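This report describes selected local features of one model. Please keep the sequence and the 3D view open while reading.

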Amino acid sequence: MRIEADCTKIMENARAVIEYCAERGVQIAPVTKSVCGEPEIVRAIVAGGATVIADSRIDNIARFIDAGVKTDVMMLRLPLLSEVDAVVRLCRYSLVSEEETARALSAAAVAGGVTHEPLVIIETGDRREGIMPEDAAALCRLVMGLPGLRLAGVATSLNCLCGVLPTAENQRAFADMVIALERELDTTFDLVSFGHTGNLHLVMEGETPAPLNHLRIGEGVIFGTDVIN
């Protein structure tokens with residue numbers, strides 16, 4: 001079996017999605033897990049304007065970094081405890097939902113002499129990954145107080161496990177939750193990462209309330225499609 005990728009089209013997809021969303025105040029982290037971090041494809045996405053690449057496997061991330069791709073990286077999931085040294089070395093961001101992992105990332109960052117920037121991922125209905133909303137403030141406070149870490153923001157995800165689709169209503173509910181969380185913590189998050197390609201149609205329809213400002217998009221960049229819509 002042979003798979004061919006048109007890197008020019010992928011670059012154009014990336015540029016189109018990045019520019020379209022930027023006009024609406026939404027940043028993009030293109031996701032490369034579907035192509036296993038293939039360096040030439042990642043280079044095409046970076047050439048299309050991406051400043052952050054997201055992936056869920058540390059091997060994929062190491063693959064394109066070792067090939068010389070220069071970009072910030074987001075680990076798309078809670079890092080394994082055995083991965084924290086590599087995560088803080090290779091990734092600027094990660095998604096965290098557990099105290100033990102946050103403390104391990106802190107220790108690894110201090111040991112490596114770097115600053116790592118986690119986002120606390122919050123469960124909003126998909127039941128795949130995330131801390132419960134009532135516990136989010138405590139985990140955010142912990143991350144904010146740990147050496148070697150800087151809390152970059154918060155995140156959520158739908159339609160990854162249980163098929164709960166992104167809607168204007170659940171986006172608004174998440175936005176309200178984030179506003180209350182920022183008020184409670186007396187902070188403003190740099191990144192409020194509210195989903196993936198399945199949220200793009202809501203961006204297009206003007207249904208992206210502040211402070212939602214970040215998407216992790218794979219399908220829309222790699223294939224130029226959205227199976228939901």
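## Basis of the model

This is a predicted model, in which local features need pLDDT of at least 70 and side-chain atom pairs count only at pLDDT 80 or more, while totals for chains, interfaces and linings use all residues. Residues are numbered from 1 along each chain as its sequence is written, and side-chain values use heavy atoms, with hydrogens and water left out.

Helices (H or I, at least four residues) and strands (E, at least two) are DSSP runs, numbered from the N terminus.

## Packing of α1 on α2

Helix α1 covers residues 7–22 and helix α2 covers residues 39–47; their axes are 7 Å apart and the packing angle is about 40°. That angle makes α1 oblique to α2. Axes are lines fitted to C-alpha atoms, for helices over the stretch in contact, and angles run from 0 to 180 degrees between N-to-C directions. Angles under 35 degrees count as roughly parallel, over 145 as roughly antiparallel, 65 to 115 as roughly perpendicular and the rest as oblique. The crossing of α1 past α2 is right-handed; a crossing has that hand if the near helix is turned clockwise from the far one by less than a right angle, and is left-handed if anticlockwise.

On the α1 side the contact (heavy atoms within 4.5 Å) uses Cys 7, Ile 10, Met 11, Ala 14 and Arg 15, and on the α2 side Glu 40, Ile 41, Ala 44, Ile 45 and Ala 47. Eight residues of this contact are nonpolar, none is polar and two are charged. In this scheme Ala, Val, Leu, Ile, Met, Phe, Trp, Tyr, Cys and Pro count as nonpolar, Asp, Glu, Lys and Arg as charged, and the others, Gly among them, as polar.

## Burial and ends of α2

The buried residues in α2 are Pro 39, Ile 41, Val 42, Ala 44 and Ile 45. Buried means under 20% relative accessible area, exposed over 50%, and partly exposed in between (1.4 Å probe, protein chains only). The cover over these α2 residues includes α1, β1 (27–30), β2 (52–55), α3 and α9 (219–222).

After α2 comes Gly 49, with a positive phi near 115°.

## Helix α3 and Asn 60

In α3, Ile 58, Asn 60, Ile 61, Ala 62 and Phe 64 are buried, and their cover includes α2, β2, β3 (72–75) and α4 (84–90). Just after α3, Gly 68 has a positive phi of about 95°.

Asn 60 belongs to this helix, which spans residues 58–66, and has a relative accessible area of 6%. Apart from neighbours within four places in sequence, Asn 60 contacts Lys 33, Cys 36, Gly 37 and Asp 55.

## The loop between β1 and α2

Thr 32 sits in the loop between β1 and α2 and is buried, at 0% relative accessibility. Its side chain makes a polar contact of 2.7 Å with the side chain of Asp 55. A polar contact is a pair of N or O atoms within 3.5 Å; within protein, one must be able to donate a hydrogen and the other to accept it, and residues adjacent in sequence count only if both atoms are side-chain atoms. Beyond neighbours within four places in sequence, the contacts of Thr 32 include Gly 37, Val 42, Ile 45 and Phe 64.

Cys 36 is also found in the loop between β1 and α2. Cys 36 is partly exposed, at 40% relative accessibility, and has a positive phi of about 55° although it is not a glycine.

## Packing of α5 and α6

Helix α5 (residues 99–112) and helix α6 (residues 136–145) pack at about 10°, with axes 10 Å apart. The two helices are therefore roughly parallel to each other. Glu 99, Ala 102 and Arg 103 of α5 meet Leu 139, Leu 142 and Val 143 of α6. This contact has four nonpolar, no polar and two charged residues.

## Other backbone features

Most residues other than glycine have a negative phi, and most peptide bonds are trans. Asp 186, in the loop between α7 and β7 (191–193), has a positive phi near 55° and is exposed, with a relative accessible area of 71%. A cis peptide bond with omega of about 10° joins Ala 210 and Pro 211; Pro 211 is in the loop between α8 (200–204) and β8 (214–217).
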